Amino acid sequence: RFEYGFSTEFKDKYGNYTSAAEFVPGRFVTIAPKDQDNYLTEVQISDAVWEHKKVRRFQVDEDRGVFIIGDTKYSIRDEVKVFSGEKEISLSEISEDDVLTVVGKERKILSVIVTTGHGTLLLKNTELFEDSLLQLNHNIFAMITPDLEMEVPEGEYTLKVANDGWGGSTKIEIVRGETTEIDLETLKGEGRK
C-alpha cells in the first residue's frame with residue numbers, strides 16, 4: 001500500500017504532468033521513493049507496456065486463451081486482470097457493447113479496463129407498444145417485445161416509443177452494471193394523436 005499527498009507528482013509515460021484521475025485500476029505505473037512524510041514523490045504511467053485505448057472491435061476466446069483486437073491476436077493464457085470502474089470483474093463479464101483500454105507487453109494482454117461499460121434496460125407493461133420500435137437518442141432502435149430486456153452502453157438517453165397514435169418520451173440514464181426499469185404505461189400519453 002502506497003500513499004500520496006499534495007507533493008506527489010503524477011506524470012504520463014512521457015514524463016509530462018497529468019491528473020491523478022488518469023491513474024485507474026489496470027494501468028501499469030512506476031513509483032519513486034517516499035518522502036520524509038512517507039508519501040510517494042512520483043507516480044508515472046509505465047512506458048514498459050503498451051496501451052490500446054478506445055477499443056471497440058475485439059473478441060475474447062477464453063477457451064483458446066486468445067484476445068483479438070481488430071485483426072491481431074494476443075495471448076491471455078496467464079491471469080489477466082479486468083476492471084470496470086474500481087471493481088475487478090471476469091473476462092466473461094465484458095460485453096460487445098463495452099469500450100476498452102487494453103494493456104499488454106509484446107503479444108500478451110496484462111489487463112483490460114472497461115472505460116465505457118453497459119447496463120441493462122428493462123421495459124415493463126409493454127403490451128400497448130409491442131411490435132413497434134423503441135428509440136434511444138438517434139442511434140439505437142429495438143423492436144419492443146413482452147418485457148424487453150437489453151444491454152445498452154452506459155450514458156444518458158432520450159427514450160421514445162410510439163404505436164398507433166399512442167406514445168411519448170422520457171430522459172433516462174443507463175448506469176454501468178445496473179438495471180434501469182421503465183414502465184411504458186407512463187409513456188402512453190393522453191390518448192391517440
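Which residue lies over the face of Tyr74? I find Arg107 there, at 5.6 Å from the ring centre. My cut-off for a charge over a ring is NZ of Lys or CZ of Arg within 6 Å of the ring centre and within 35 degrees of the ring normal.

Some ground rules before I go on. This is a predicted model, so I note that local features need pLDDT of at least 70 and side-chain atom pairs count only at pLDDT 80 or more, while totals for chains, interfaces and linings use all residues. Residues are numbered from 1 along each chain as its sequence is written, and side-chain values use heavy atoms, with hydrogens and water left out.

Aromatics next. I get four aromatic pairs in the structure. Tyr4 and Phe10 make an edge-to-face pair, 5.3 Å centre to centre with 85 degrees between the planes. Rings of Phe, Tyr and Trp (its six-membered ring) pair if their centres lie within 6.5 Å; planes under 30 degrees apart are stacked, over 60 edge-to-face, and the rest tilted. Tyr4 is exposed at 53% relative accessible area, whereas Phe10 is buried at 11%. Buried here is under 20% relative accessible area, exposed is over 50% and partly exposed is in between (1.4 Å probe, protein chains only).

Phe58 and Phe67 are stacked, because their ring centres sit 6.1 Å apart and their planes are at 15 degrees. Phe58 is buried at 15% relative accessibility, and Phe67 is buried at 0%. I also see ring pairs linking Tyr4, Phe10 and Phe23 into a cluster.

Now the hairpin. Strands β6 (residues 66-69) and β7 (residues 72-75) run antiparallel and are joined by four bridges. Strands pair if DSSP finds at least two bridges between them. Val66 has Ser75 as its bridge partner in β7. Two residues separate the strands of this hairpin, and Gly70 in the turn has a positive phi of about 65 degrees.

Last, the whole protein. I count zero helices and 18 strands; these are DSSP runs numbered from the N terminus, helices being H or I of at least four residues and strands E of at least two. The radius of gyration is 22 Å, well over the 16 Å from the globule rule for 193 residues, so the protein is more spread out than a compact globule. That radius is over C-alpha atoms, and the rule is 2.2 Å times the number of residues to the power 0.38. The C-alpha trace spans about 70 × 45 × 25 Å along its principal axes. Buried residues make up 38% of the 193.
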